[in-house]
Amino acid sequence: MAKRIVSIGECMIEMSGGEDRTYRLGYAGDTLNTAWYLRALLDQDWSVDYVTALGQDRYSSDIRAFLDDNGIGTNHIQTIHDRRPGLYMIHQEKGDRHFTYWRDSSAAKLLADDKSALANAVEGAELVYFSGITLAILAPRARGRLLGAIVKARDNGARIAFDTNLRPALWSSPRVMAGVLTAAASLCDIVLPTHTDEAPLFGDKTIDDTADRYLELGVEEVVVKDGSKEALIATANERVRIAPPPVTNVVDATGAGDSFNGAYLSARLTGKNLREAAEAAHRTAGIVIGHKGALVDPKLVR
C-alpha cells in the first residue's frame, strides 16, 4: 500500500498573464502547489491527497477533474452546496507581481467545519502539510478543529510540516496572526518559514533568529527561505546554508516557495540529508520561476 501524504488548504482559480488584458486560467493555491510538486517528484510508492472544500459549480468540478487527472487524490474534498472556489488575478507592475483576490464565498473556508471528515482525511497519513493561509481563512473554532486533527495525526505517527506563509490581509490583527502561527508551529516537526515575511512581525534580524525562534518551540527541523539568498536548514544539532544556483530567466515567481517546499519534503521523505534536500529544493524553484503560473509540467522538474 502506498505511503500517504495529505496537504490541507485552499485551491483557487488563478488568472495569470494580463498582457493585452488576456489572462490564462489555471488552478493553484499554496498548499496545492506544494502537493503538485510532491506528486511530481515522488514515485508511486507515495500517494498525495488534497484536502479542501469545493462547491457544485462548473469550476469546482473542473478542479476535481484537474487534480484526478494529475494523480492528486480527491476523496477527501468536501462539497459545500452554496459555495464556490475563490479566485485571484496576478498582474505585473514595475517588475513585481501584484495579486487581487475574490474569496468571500470560498468553500475552502469551511473545510474544517466537519470534525469527523477532517479526522478521516488525515487518518493513516505519513505526512500532513498545511500553511498559515490554511489557518487564516478559517474561523477561530474551525482553526481549533484543524489543529486538533493535526495533533491526533501526529499522535498516530504522522510527521507534520507547516509553512507559516504570512498574509496579514487575511488576519484580524498582527497579534492574532503571530499567536496562531506560533501555536501551530509548536505542534509541527518541520516548519518552512520565509525570513523576509517573518522579520517585520517577529523582529527577526537574521535567518538564524528565525530558525532559533522555531527551534525553541520544539520544532525538529526548520527550513528558512530567503528569496534569492541562501536558505538555512537548522536542527538542534546541525545548520546547513545553501545558496540557490544562478537563474538567468525569471518569468514568474509565483509558487517558487511552494515548489521549494514540495521538493524539500519529497527529498527528505526519500532519505536525502538536509543539504541534498535543500539543493533539490533550490533547483526545483529555479525551474518553476522560469515559467508562467504556479504549476509547471511535472516532466520539467523530475
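Q: Which elements each supply at least two residues of the lining of the largest pocket?

A: A pocket is an open set of points on a 1 Å grid over the protein atoms alone, where a 1.4 Å probe fits, with protein on both sides within 12 Å along at least five of seven lines; lining residues have an atom within 4 Å of a point. Helices (H or I, at least four residues) and strands (E, at least two) are DSSP runs, numbered from the N terminus. Here the elements are α1 (30-41), β9 (96-102), α7 (195-202), α9 (256-269) and α10 (274-288). This is a predicted model, in which local features need pLDDT of at least 70, side-chain atom pairs count only at pLDDT 80 or more, and totals for chains, interfaces and linings use all residues. Residues are numbered from 1 along each chain as its sequence is written, and side-chain values use heavy atoms, with hydrogens and water left out.

Q: How much space lies in the largest pocket, and which residues are the closest to its centre?

A: A volume is the space filled by probe spheres set on the grid points, which are joined across faces, edges and corners. The largest pocket holds about 1,300 Å³. Its lining has 44 residues, with R97, R167, A253, A256 and G257 the closest to the centre.

Q: What does the second largest pocket look like in the same terms?

A: Its space is about 190 Å³. Of its 13 lining residues, L41, A263, S266, A267 and A280 lie nearest the centre. Two or more lining residues come from each of α9 and α10, and α10 gives the most, with four.

Q: Which residues of helix α3 are buried?

A: Buried means under 20% relative accessible area (1.4 Å probe, protein chains only). In α3 (residues 115-122) these are L118, A121 and V122. They lie on the same side of α3 because they cover an arc of only 85° around the axis, the arc being that of the directions from the helix axis to the C-beta atoms.

Q: What do the buried residues of α3 pack against?

A: Contact means heavy atoms within 4.5 Å. The partners are β1 (3-8), β4 (46-51), β10 (127-131) and α5 (140-155).

Q: In what order do the nine strands of the open sheet run?

A: Strands of a sheet pair through backbone hydrogen bonds, either parallel or antiparallel. Two strands pair if DSSP finds at least two bridges between them. The order is β6-β4-β1-β10-β11-β12-β13-β14-β15, with mixed pairing. β6 (72-73) and β15 (239-242) are the edge strands, each pairing on one side only. β4 and β6 pair in the parallel sense over two bridges; the bridge partner of D49 in β6 is G73.

Notes:
Buried < 20%, exposed > 50% of the residue type's maximum accessible area, 1.4 Å probe, protein only.
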